[in-house]
Number of protein chains: 2
Amino acid sequence: MATQTAGTYAAVGVDVDANDRLIPRYRQSAARARRSEQLDNIGGFGGLFDISALSQYRQPVLASSTDGVGTKVIVASLASWEAKGQKGEAEDRFAGVGHDLVNHCVNDILAVGAEPLFFVDYLASNGVSEDQKSKIVDGVASACQENGMALIGGETADMPDLYMNGYFDLAGTIVGVLEKDRQITGQRIRPGDCVLGLPSSGLHTNGYSLAREVLELRGRDPNDEVYHTECAARLQERPWGSTGPSLADALLEPHKAYWKELGPHLAMIKGMAHITGGGVQGNIERILPSDVTVALEPSLWQELWEIPPIFDLIQERGKVSNQEMYRVFNMGIGMAFMASPRDAEELLDLLPSAARLGEVIPATGALGGTCRVSGIDA
Amino acid sequence: MATQTAGTYAAVGVDVDANDRLIPRYRQSAARARRSEQLDNIGGFGGLFDISALSQYRQPVLASSTDGVGTKVIVASLASWEAKGQKGEAEDRFAGVGHDLVNHCVNDILAVGAEPLFFVDYLASNGVSEDQKSKIVDGVASACQENGMALIGGETADMPDLYMNGYFDLAGTIVGVLEKDRQITGQRIRPGDCVLGLPSSGLHTNGYSLAREVLELRGRDPNDEVYHTECAARLQERPWGSTGPSLADALLEPHKAYWKELGPHLAMIKGMAHITGGGVQGNIERILPSDVTVALEPSLWQELWEIPPIFDLIQERGKVSNQEMYRVFNMGIGMAFMASPRDAEELLDLLPSAARLGEVIPATGALGGTCRVSGIDA
C-alpha cells in the first residue's frame with residue numbers, strides 16, 4: 001500500500017511537464033509526414049483532414065483499421081536493456097516498432113484496395129524515457145512519410161502500475177480511401193486463378209508470444225533484474241554465426257508495407273490477404289468465396305525467396321509442429337493476392353520480388369472456402 | 001526463465017480459438033451501432049464508411065482523435081476483483097470503461113465542431129475473461145449508438161507478460177466530420193464574451209494515477225493477492241454514508257459525452273475546450289487567442305451544479321493544493337465554451353444544465369492567452 005500521499009501528479013509517475021516538453025519533438029517528427037489536405041487545428045483537440053480536396057475520387061469510401069504490434073514491444077524493451085549505455089542503439093530499437101505499427105495498418109487497408117491517407121498513434125507507457133518516446137513517434141512519422149500518409153494526431157499516456165517500469169504498448173489507427181466501385185473483396189476469385197505473394201521481412205508483428213516462449217525470452221517474474229540481464233544477453237547471441245544478425249536484429253526486423261509495390265496494380269487484383277495473426281491459411285480464408293479452394297505449394301516460394309531463418313529457429317528450438325507454425329506465423333509470406341492467369345503473368349513481370357504461391361481450384365465438399373498447404377494440411 | 005517449451009500458442013496465453021469465439025459477440029454488439037454509410041467488408045481487414053453518401057456537407061473535413069481511458073482501467077479491474085462471485089456486477093464495471101473511451105473521443109472532436117461518424121477500438125489484455133472482453137466492447141458499442149456513430153472495427157490483442165493477469169488497456173479512435181468553413185477554433189473569442197460550461201459526471205478519464213495514490217489504491221507489488229483484496233475492500237467503502245455511492249461507483253462513473261446537447265448549437269459557439277488531462281486552465285488555454293484572458297469564478301458553477309463529491313474527498317485525503325487540483329482534475333466542468341453575450345443568454349436558455357463559468361477580458365502583459373481561476377491563481 002502507499003505509505004504516504006504525495007499530493008502531486010509528478011510524484012506518482014505522471015509528469016505533465018515532461019509530456020509538454022515532448023510535444024515540440026512530436027510535432028517536428030510529424031512535420032515530415034504531412035499531406036496538402038491537412039488543416040491547421042489550433043487547439044489540437046482533433047486532427048483535421050480535408051477530404052473534400054481529394055477530387056480524384058468520384059465516390060470516396062473511407063477504409064479504417066486499428067492495430068497494435070503485439071508483444072514485439074516486449075522484445076524491443078528487452079533489447080533496449082541489452083543496449084543500455086550504448087547511446088543511440090536502444091532508441092533505434094524503439095523507432096523500429098513505430099514502423100511496425102504503421103506498416104501493419106497500411107497492409108490491412110491495402111487488402112481492400114485503399115490508399116493510405118492519415119494516421120493517429122496511441123503510446124501508453126511506464127518509465128519510458130523522453131528520448132525513447134520521441135524515437136517511437138519518430139518511427140511512426142517516418143513510416144507514415146514512406147507511405148505518403150499524414151500523421152495528424154496521437155496520444156501519449158503515462159500509465160504507472162499498468163505497465164512494468166520501462167515497458168510500453170503502442171497502437172494506432174489508419175484511415176485511407178478507395179473508389180466505391182473498386183473495393184477488393186475476393187468474391188470474384190474463380191477456379192483457375194493464380195495465388196501470388198510478396199515476401200515478409202521476418203515475423204512482422206505476429207506470433208511473438210510463442211516466439212518469446214520458445215526462445216526463452218519470457219520471465220516468471222517481470223520485476224526480476226536477473227531475468228532482464230539474461231534475456232538481454234540471449235538477444236545478443238548470433239544463432240546464425242558471427243557474421244549473421246543477432247537474435248534481437250532478427251526478431252525486431254520491421255514489418256514491411258506493400259502499398260508502394262501493389263498500389264499501382266490494384267485493378268488486376270481480385271483478392272488480397274495480409275498474413276497476420278491467424279497465419280497463412282487463416283488469413284487467406286477470410287477472403288475466399290465458398291465455392292473455391294486455395295492450394296498452396298511451399299516449394300514455389302521457398303525456392304525463390306530467402307525465407308528469414310527465424311522461422312526455422314523457432315520451429316527447431318520449440319519443436320513446434322508444421323501445422324502450428326502455419327497457423328501462427330506468416331512463414332515468409334507478407335501479402336497473398338489472387339489474379340487471373342493473364343494478370344498474374346503481368347504482375348510477376350511488374351513485381352520482381354513476387355512469387356507464385358499456388359492456385360485456386362474448384363471446391364470439393366467441406367473444403368469450400370478453405371486454404372490447404374501441400375505437405376502441411378492433411 | 002521458461003523451463004519447458006510449449007510449442008502451441010494457447011499454452012503461452014494467446015488463445016486464437018477463444019478470440020474467434022468472441023467475434024460473433026463483438027459483431028452482435030456492433031450491430032447496434034451502425035450507420036447507413038457503412039459498407040460490408042467481407043474479409044474484415046478494414047472497416048468501410050461511404051463518405052460520398054454524406055451529401056449534407058458541401059466541403060467535408062474529417063476530424064480524428066485517438067485516446068485511452070488512463071489508469072481508470074486499473075480501478076475497473078480492482079473493482080471487478082471486489083465483485084468476484086457477484087455475477088454481472090464485475091462485467092458492468094467493464095462496460096463503463098467502454099463508455100468512457102467513446103465519450104472522451106466524442107468530446108475531443110466536438111471541440112472543433114465535428115459530428116461523430118465512426119469508431120474503432122483497441123483492447124489489449126492478459127487473463128481477462130471472454131465475458132469481460134465482450135462486455136467492454138459492448139460498452140463501446142452502446143456509447144457509439146448513443147452518439148449516432150458506427151463501430152466499424154476493432155482489435156483485441158492478448159498480451160501475456162505485458163499486462164498483469166486480469167488487467168487490460170483500452171484505446172480507440174474516432175473519425176467525425178465538419179463543414180470546412182465551420183471549424184471552431186477559438187480565434188474569434190473577444191473580450192466581453194462569456195465562458196459557459198456543462199457539468200462533468202465525476203473524474204471522467206483524467207487524474208486517476210493521483211486519485212489512486214491518494215485513495216490508497218496503488219500497490220507496491222501488483223502480483224500481491226493481499227493488495228487486491230485490500231483495494232477491493234476499500235472500493236466497497238461508502239465515504240459519503242450508507243445511502244451514498246461506494247468509492248468504486250464514484251470513481252467509475254462514466255465520462256459524459258456532450259455531442260447531443262451541444263451539436264445543434266455549434267453555430268453560436270466561438271471556442272470549446274474539453275476539460276481532460278491538464279485540468280481546467282490548461283485545456284482552456286489551448287484555444288485562446290493571445291490578446292485575451294479568461295477569468296473564471298468558481299462560485300458561479302459551484303452554486304448551480306452539484307459537484308461530484310469525489311473531488312473534495314481526493315483533496316482532503318491527499319492534502320492536495322487547490323492549484324494542483326485545478327491542474328489535474330476537471331473540478332466539475334466537462335466542457336467549457338465561449339460565446340458572445342447575446343448567444344450566451346440563448347445557450348443558457350436552451351441548455352438547462354449549462355452554467356456561466358466566467359468571462360473573457362482584455363489581456364494585460366504576460367496574462368495574454370491565459371486562464372485564471374479566482375481564488376486559485378495568484
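Let me start with one residue: B:Phe118 is buried, at a relative accessible area of 1%, where buried means under 20% and exposed over 50%, partly exposed in between, with a 1.4 Å probe and protein chains only. Before going on, the model is a predicted one, where local features need pLDDT of at least 70 and side-chain atom pairs count only at pLDDT 80 or more, while totals for chains, interfaces and linings use all residues. Residues are numbered from 1 along each chain as its sequence is written, chains are lettered from A in the order in which they are written, and side-chain values use heavy atoms, without hydrogens and water.

B:Phe118 sits in strand 4 (residues 115–126) of chain B; strands are DSSP runs of E, at least two residues, numbered from the N terminus. Leaving out residues up to four places away in sequence, B:Phe118 touches residues of both chains, including A:Leu62, A:Ser64, B:Phe49 and B:Met149. Contact here is heavy atoms within 4.5 Å.

Now the interface. Chain A and chain B each put 98 residues into the contact. Six salt bridges cross between the chains, a salt bridge being a side-chain nitrogen of Lys or Arg within 4 Å of a carboxyl oxygen of Asp or Glu. One of them joins A:Arg212 to B:Asp161, at 2.7 Å from N to O. On the side of chain A that touches chain B, strand 3 (residues 60–68) of chain A gives the most, nine residues.

Last, strand pairing, for which DSSP must find at least two bridges. Strand 2 (residues 47–49) of chain A pairs with strand 3 (residues 60–68) of chain B, antiparallel, over three bridges. There, A:Leu48 stands opposite B:Ala63.

Terms used:
Helices (H or I, at least four residues) and strands (E, at least two) are DSSP runs, numbered from the N terminus.
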